Amino acid sequence: MTRFSLACAALLIGVGMVASPMWMPDAAAQDRDTPLDEADDDTPAVLSLDEAVQIALVHNYALRQTRLDAENAELQVGEAWGALIPNVTFNSTYTRSVRSPNPFAGSEAGGLFESLGFVEWLSFNEQARTDDNSETQPISFPEFQERQREGQREAGISPAGSDNPFAVPNQFEAGITVSQVLFNASAFSAIRGAERLRRINQRGTDREEQLLIDEVRDTYYQAVLAQERARVTQESVERVERTAREAARSVEQGTAPKFDRLSAEVELSNLRTELTDAENQAELAVNALKNVLGIPVDTPIVLSDDLDAPTPPEAIGEFTIDSATEAALRHRPDLEQAQLAVELNEIDRSITRGNLFPTVSAFANANYVGSVPDDRTTVLSDPDNPFAFEQETRSFFDTAYWDQSVNVGLSLTWNIFDGNQTRRQVQQRTIAVEQAKIDRERAREGVKLEVEEALRNLRAAQERLDSQTENVERAELNYEYAQQRLQEGVARPIEEREASQQLDQARLNRLQAAFDYVSALSALETAIGRPLRSNPDATFQF
């Protein structure tokens with residue numbers, strides 16, 4: 001595996017994400033399953049501009065946040081649909097009655113329970129008088145009660161100590177409720193609103209990717225430009241070092257004044273300081289690129305692309321401001337966002353207006369209720385002998401303690417009058433719609449201005465690049481003449497150094513012009529909003 005494929009593929013899969021196929025370079029696509037720990041930490045990843053774009057599309061912090069926003073919007077669509085599907089709720093409660101009030105306290109009804117025993121006494125005496133058994137005789141009511149208590153004691157039954165026969169200390173209830181919205185104008189509008197919001201976030205992600213690619217290109221070429229400046233300064237230092245040595249020899253031979261040697265040494269010292277600054281700026285520019293890519297700053301990388309300006313795409317020469325603007329109006333994701341924002345505000349108005357209409361729902365619930373006493377022992381009396389008793393213990397889930405209930409129905413809620421609050425809210429939403437339309441028009445005009453500026457900047461950058469390319473050729477020729485004149489003894493070293501300085505400045509100007517050109521080319525692609533490719537040699541397709 002090559003040095004690039006091992007290290008770069010590790011960067012691509014470092015966070016467990018894979019770029020979309022349209023952006024994945026072939027080499028990275030083949031090796032993207034390489035684990036990060038397989039890469040040698042000391043081996044730098046050799047990155048081209050295209051590969052840097054792929055890494056940024058996977059690792060960039062801001063883009064990852066934007067994609068999470070889009071994912072969140074997808075979930076909101078499902079949440080909006082949830083308001084229209086059945087809602088199933090399970091409820092369960094347990095209540096322990098520590099002390100229950102007597103419902104008949106303070107009334108004459110409390111004597112009712114004593115009268116129940118009185119009726120039994122009357123029935124016993126009536127039977128005793130009418131039967132043919134001489135041993136059974138009517139008795140008094142207190143004697144009747146005493147004999148009942150004696151019969152209960154013989155059966156091992158303790159009389160209940162509560163003064164509230166209706167009190168049950170343990171209350172259980174469990175139930176399921178199913179509700180279904182049949183009509184809710186706001187809910188139906190909310191689904192359409194969530195869908196528009198999802199599309200807005202998708203277009204926002206698309207635009208964020210385009211802006212990120214432009215930022216990666218700009219930052220990548222800034223790093224390349226900084227490295228090239230350091231290289232040109234290094235070459236200048238080497239040339240001045242040679243000049244300083246030659247000046248020193250000439251002074252020793254007595255053919256040149258000490259001024260030439262001192263002048264060369266001063267210039268060499270200044271250039272070395274400039275070289276230190278240039279190398280530092282180059283390191284900082286590479287670190288800035290790493291931050292944009294979303295990779296650790298201590299990750300070693302080597303930039304493989306240079307600032308050789310690409311051949312201008314043929315479509316650029318045929319472009320007019322009007323044709324470029326028309327292409328941008330068709331393809332810019334943020335313009336579609338602006339249109340979707342208008343629609344979203346209209347839907348928001350519909351949601352608010354939906355509060356003027358009723359909400360109709362159907363519901364059904366099934367409950368299982370239990371009233372279970374602590375003492376589940378039941379006292380049974382002999383129907384033929386009111387003084388003979390027996391007791392029976394029932395189970396916890398005995399049907400005597402538990403029962404079921406099932407209910408179905410319809411619910412209608414309608415806010416007939418709310419002080420015109422809803423109508424005023426609808427009017428506010430109408431104003432928001434008009435504001436969104438103004439924002440849309442402003443965005444369109446802004447795109448037109450951006451496209452015109454980008455196209456003019458590109459053409460101006462092309463002219464500067466052509467001019468500086470010719471200037472470098474002249475500076476190189478001038479430096480060759482200066483070297484020949486110096487060797488022939490018809491020129492002084494200072495003239496050769498002046499020619500060297502002119503050559504260095506011409507090369508730096510040409511590098512800056514090349515940077516301006518590739519940046520302007522990327523800015524035009526971004527302004528038009530076409531699917532962007534990191535290869536600047538690619539021909540536009542509109």
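**Close-up views of a predicted model**

**View 1. Antiparallel pairing of β3 and β5.** In this predicted model, strand β3 (residues 170-183) pairs with strand β5 (residues 359-372) in the antiparallel sense, over 13 bridges. Within this pairing, Glu173 stands opposite Val369 of β5. In general, strands of a sheet pair through backbone hydrogen bonds, either parallel or antiparallel.

**View 2. The open sheet of 4 strands.** The sheet is open, and its strand order is β2-β3-β5-β8. Pairing in this sheet is antiparallel. β2 (87-96) and β8 (402-413) are the edge strands, each of them pairing on one side only. From one strand to the next the twist averages 15°.

**View 3. The largest nonpolar core.** This core has 51 residues, of which Val216, Tyr220, Leu293, Ile301 and Leu307 touch the most other members. Several helices and strands each supply at least two of its residues, including β1 (45-47), α3 (49-59), α7 (185-253), α8 (258-293), β4 (301-303) and α10 (321-331). Helices α12 (421-488) and α13 (493-528) also each supply at least two residues. The element that gives the most to this core is α13, with 11 residues. Another core, of 7 residues, lies apart from the largest one. Tyr479, Ala499, Leu503 and Ala506 are among the residues of that other core.

**View 4. Surroundings of Leu307.** Leu307 is one of the residues that touch the most other members of the largest nonpolar core. With its neighbours within four places in sequence left aside, Leu307 is in contact with Tyr221, Val224 and Leu225, among others. Its contacts also include Arg510, Leu511, Ala514, Phe515 and Val518.

**View 5. Thr299 in the loop between α8 and β4.** Thr299 lies in the loop that runs between α8 and β4. A polar atom of the Thr299 side chain lies 3.1 Å from the backbone oxygen of Pro296. The relative accessible area of Thr299 is 16%, so this residue counts as buried.

View 6. The side chains of Asp504 and Arg239 meet in a salt bridge, at 2.0 Å from N to O. This pair links distant parts of the chain, with Asp504 in helix α13 and Arg239 in helix α7, 265 residues apart. Asp504 is buried, with a relative accessible area of 8%, and Arg239 is buried at 7%.

View 7. Asp439 and Arg442 meet through their side chains in a salt bridge of 2.7 Å, N to O. The two residues are separated by about one helical turn, because they are 3 residues apart in helix α12. Asp439 is partly exposed, with a relative accessible area of 37%, whereas Arg442 is exposed, at 58%.

View 8. The side chains of Arg464 and Asp516 meet in a salt bridge at 3.6 Å, N to O. Arg464 lies in helix α12 and Asp516 in helix α13, so the pair ties together parts that are 52 residues apart in sequence. Arg464 is partly exposed, with a relative accessible area of 40%. Asp516 also counts as partly exposed, at 23% relative accessibility.

**View 9. A network of salt bridges.** Salt bridges link Glu228, Arg231, Glu235, Glu476 and Arg507 in a network. A search of the whole structure finds 28 salt bridges.

How values were computed. Residues are numbered from 1 along each chain as its sequence is written. This is a predicted model: local features need pLDDT of at least 70, side-chain atom pairs count only at pLDDT 80 or more; totals for chains, interfaces and linings use all residues. Side-chain values use heavy atoms; hydrogens and water are left out. A nonpolar core is a set of buried Ala, Val, Leu, Ile, Met, Phe, Trp, Tyr and Cys residues joined through side-chain atoms within 4.5 Å. Buried means under 20% relative accessible area, exposed over 50%, partly exposed in between (1.4 Å probe, protein chains only). Contact means heavy atoms within 4.5 Å. Two strands pair if DSSP finds at least two bridges between them. Axes are lines fitted to C-alpha atoms, for helices over the stretch in contact, and angles run from 0 to 180 degrees between N-to-C directions. A polar contact is a pair of N or O atoms within 3.5 Å; within protein, one must be able to donate a hydrogen and the other to accept it, and residues adjacent in sequence count only if both atoms are side-chain atoms. A salt bridge is a side-chain nitrogen of Lys or Arg within 4 Å of a carboxyl oxygen of Asp or Glu.
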